[in-house]
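Here is a short briefing to read alongside the model.

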Amino acid sequence: MARRVSCSIVSVLILAFFFVGCLSFLTAEEVPLRFKNASRLCNAKPIVTINGMFPGPTIYVREGDQLQINVTNYAQYNMSIHWHGLKQFRNGWADGPAYITQCPIQTGHNYVYDINVKGQRGTLWWHAHILWLRATVYGEWWNKDIETSVNQANKLGLPPPMSDAHTINGKPGPLFPCSEKHTYAQEVLPGKTYLLRIVNAALNDDLFFAIAGHNMTVVEIDAVYTKPFTTQVLQIAPGQTTNVLVQMDRTPGRYFMAARPFMDAPVPVDNKTATEILQYKGIPDIIIPILPQLPAPNDTSFALNYNQKLRSLNTRQFPANVPTKIDRNLFVTIGLGVNSCPSCQNGTQFTASLNNITFVMPRIGLLQAHYFNTKGVFETDFPDKPIKAFDYTNAPLTANLATQNGNDNDTEQNANARMQGIAK
């Protein structure tokens, strides 16, 4: 059954997108984008909205549906829309990452995403996808224009600027200035059980999430059913979705839902706490909410223990069809490197890497180059493992932390770069 959806990107500067709910597989609805001013943390700026909503609407579809989403771009920036986590079986050109599966949609042009929903059920989400304009629909808020700030940081060789706040459903909560009216509140009925669809829409941060006084039963992650387990705190990776069941079995009152980053590496993050309110019906607003206790921002043991609880449901109805024959083993280290940059503030520049190789953004979409056999856009010799073994989790700070560019020929520096690195 085909469902046609239309949307238009009108103007984009920055947007802190929502944290809960996004793409649920029941039905579909229209998602046109509109331009609107938004104010958070005593600062106002123009942002992109969908149907005039901030955060945007949920698209409901059923498994087996065919979606046709017509996106028209009236923004000053080239844009695309990524359907995060949605499986694109032989349909990569509808996935959305700009310059990877498609060229971005230029101002005044449109692109129709044709998507078939197969083999998934639960919660996924969608967002803009090109460079740091992705931040326009993520769960963080920057007071300054993020594109300008990132460009300035890149020229200086500095890390991207931290956000000024994380948000829940687009709102930072009352622990931030000018935010009394920018607090999301969810009214609930005593004795009922609620399904919460939670999306970590932060740009780069893992997040801890908890509801004061209430347990959560995890039942689905990234549109895949899991063996249910109960926890007081969730840990959610960037872009990950988690569905939980919550019983309203506590003394009726007002309880904070809270989110804060997890980071156990020496990397600065915005570690302030975003909040929303879970409010039992009939409880007056003057009651001060109770704040949950979140793990320490660098609590590695909690993160490891939590992730060890994640198991597939693996029932007869929903089997875990894991391949038993391995044709090729891949070992990939994910890390940060430091490359030489004479024009930068400290003479160096941070860069991300896989197996000590840094991706270089192409000017032609990779899928387009593959389809038309265009030479010089990408190479096919990415190594199955690091060229030179090193201590992937404890490289000394004096090591050569340079990386090789993905489309560079080997140089003496690049050859040395393959021999050292840091992995997360």
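Leu 330, Val 332, Ile 334, Leu 354 and Phe 382 together make a nonpolar surface patch of about 450 Å². Patches are built from residues with over 30% relative accessible area and no salt bridge, with like charges joined within 9 Å and nonpolar side chains (Val, Leu, Ile, Met, Phe, Trp, Tyr) within 5 Å. This is a predicted model, in which local features need pLDDT of at least 70 and side-chain atom pairs count only at pLDDT 80 or more, while totals for chains, interfaces and linings use all residues. Residues are numbered from 1 along each chain as its sequence is written, and side-chain values use heavy atoms, with hydrogens and water left out.

- Leu 354, one of the patch residues, lies in strand β22, which covers residues 348-354; strands (E, at least two residues) and helices (H or I, at least four) are DSSP runs numbered from the N terminus.
- Leu 354 is partly exposed, because its relative accessibility is 38%; buried means under 20% relative accessible area, exposed over 50%, and partly exposed in between (1.4 Å probe, protein chains only).
- Thr 351 is also found in strand β22, and Thr 351 counts as buried because its relative accessible area is 14%.
- The side chains of Thr 351 and Thr 358 are joined by a polar contact of 3.2 Å; such a contact is a pair of N or O atoms within 3.5 Å where, within protein, one must be able to donate a hydrogen and the other to accept it, and residues adjacent in sequence count only if both atoms are side-chain atoms.
- Leaving aside neighbours within four places in sequence, the contacts (heavy atoms within 4.5 Å) of Thr 351 include Gly 335, Leu 336, Gly 337, Val 338, Asn 339 and Thr 403.

**The protein as a whole**
- The protein has 4 helices and 24 strands, and buried residues make up 47% of its 424 residues.
- Of the contacts with a separation of 6 or more, 73% are between residues 24 or more positions apart.
- The accessible surface comes to about 21500 Å², and 53% of it belongs to carbon and sulfur atoms; areas come from the Shrake-Rupley method with a 1.4 Å probe, and for residues only the protein chains shown count as cover.

**Nonpolar cores**
- The largest nonpolar core has 24 residues, and Phe 209, Ile 211, Leu 234, Val 244 and Leu 278 touch the most other members; a core is a set of buried Ala, Val, Leu, Ile, Met, Phe, Trp, Tyr and Cys residues joined through side-chain atoms within 4.5 Å.
- Among the elements that give two or more residues to this core are β13 (193-199), β14 (206-211), β18 (241-247) and β20 (274-280).
- Ile 59, Ile 81, Leu 86 and Ile 105 are included in a second, separate core of 16 residues.

**Salt bridges**
- A search of the whole structure finds 6 salt bridges, each being a side-chain nitrogen of Lys or Arg within 4 Å of a carboxyl oxygen of Asp or Glu.
- Arg 328 pairs with Asp 384, and their closest N and O atoms are 2.6 Å apart.
- Arg 328 lies in the loop between α2 (300-308) and β21 (334-340) and Asp 384 in the loop between α3 (366-371) and β24 (404-405), so this pair ties together parts 56 residues apart in sequence.
- Arg 328 is exposed at 57% relative accessibility, whereas Asp 384 is partly exposed at 28%.
- Arg 250 and Asp 249 form another salt bridge, with closest N and O atoms 2.8 Å apart; Arg 250 is partly exposed at 32%, and Asp 249 is partly exposed at 45%.

**His 214 and its surroundings**
- His 214 sits in the loop between β14 and β15 and is buried, with a relative accessible area of 2%.
- The His 214 side chain reaches the backbone oxygen of Ala 212 at 2.8 Å.
- Not counting residues up to four places away in sequence, His 214 touches, among others, Asp 249, Arg 250 and Leu 278.

**Positive phi angles**
- Leu 41, not a glycine, has a positive phi of about 55 degrees; Leu 41 lies in the loop between β3 (33-40) and β4 (43-50) and is buried at 8%.
- Arg 90, not a glycine either, has a positive phi of about 50 degrees; Arg 90 is found in the loop between β7 (81-84) and β8 (110-116) and is exposed at 80%.
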